[in-house]
Amino acid sequence: MLKVAYLNILWISFTLVGLGLFGLFPSTGAMYTIVQKWLRREPVEKIFHTFWNTYKKEFISLNKYGLFFILTAYILVFDFLFILKNADKLQWLYPVIGFITISYIVTLLYFFPIYTQFDMKFFQYIKQSFLLGASALLETILIFTSCMLLMIIVRFIPGIIPLFTGSVLAVAITWCSNRALYRINSRKKSIV
């Protein structure tokens, strides 16, 4: 529990060091790298050292993805507000924007576990994150349930925000995505 709390404090601190917007994706990537090591039972001798090295190494690369996801979110919000203002003419677009928004959220949830495990080209990470989320329905439901439970707990105990929110969520999401990847690989092996 102390390690998880320490990791969450590092995540918040390094997000702030990167002026919030520029620190969010690199610090989240560093947090997921450590969580991935923990779940694989790989030794993490010095959490700060591993976190800092990953943060520095992936700073530019993860900020490119951050820009991509933030621009996509901005476009989705703009489209939704545009449809809302023209609801009488564009009602039929609500399901379309709803589907795209859900796809965006699923892709974002699976992005960091995929990024920390594989070496791919830019859009392959996006594509594989979406495909994993879409093909692993049970794990995706588990991730959404974990997010909802954490939100409920935070409402009743807001004091845990600086200690457990990001890192606990990272553990839940990484565990679910690893489980999904394992299931898909097992299915492939049984077919072959």
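Visitor: Which residues make the nonpolar surface patch?
Guide: V96, F99, I100, F130 and L131 make it, over about 430 Å². Keep in mind that this is a predicted model.

Visitor: Which elements give two or more residues to it?
Guide: Helices α5 (94-117) and α6 (122-135). The largest share, three residues, comes from α5.

Visitor: And V96, where is that?
Guide: V96 sits in helix α5. Its relative accessibility is 40%, so V96 counts as partly exposed.

Visitor: New topic. How many salt bridges in the whole structure?
Guide: A search finds five.

Visitor: What does E139 pair with?
Guide: One partner is R179, at 2.8 Å from N to O. R179 lies in helix α8 (residues 161-191) and E139 in helix α7 (residues 137-156), so this pair ties together parts 40 residues apart in sequence. E139 also forms a salt bridge with R183, with the closest N and O atoms 2.7 Å apart.

Visitor: Is E139 buried or exposed?
Guide: Buried, with a relative accessible area of 0%. R179 is partly exposed at 32%. R183 is partly exposed as well, at 29%.

Visitor: What about E58, which side chain does it meet?
Guide: The side chain of K57, in a salt bridge of 3.9 Å, N to O. E58 has 15% relative accessibility and counts as buried. K57 is exposed, with a relative accessible area of 68%.

Visitor: Which residues are linked in a network of salt bridges?
Guide: K37, R40 and E42 are linked that way.

Notes:
Residues numbered from 1 in each chain as written. Predicted model: local features only at pLDDT ≥ 70, side-chain atom pairs only at ≥ 80, totals over all residues. Heavy atoms only, no water. Patch = residues over 30% accessible without salt bridge, like charges linked within 9 Å, V, L, I, M, F, W, Y side chains within 5 Å. Areas by Shrake-Rupley, 256 points an atom, 1.4 Å probe, with all protein chains shown as cover. Salt bridge = Lys/Arg side-chain N within 4 Å of Asp/Glu carboxyl O. Helix = DSSP H or I, 4+ residues; strand = E, 2+ residues; numbered from the N terminus. Buried < 20%, exposed > 50% of the residue type's maximum accessible area, 1.4 Å probe, protein only.
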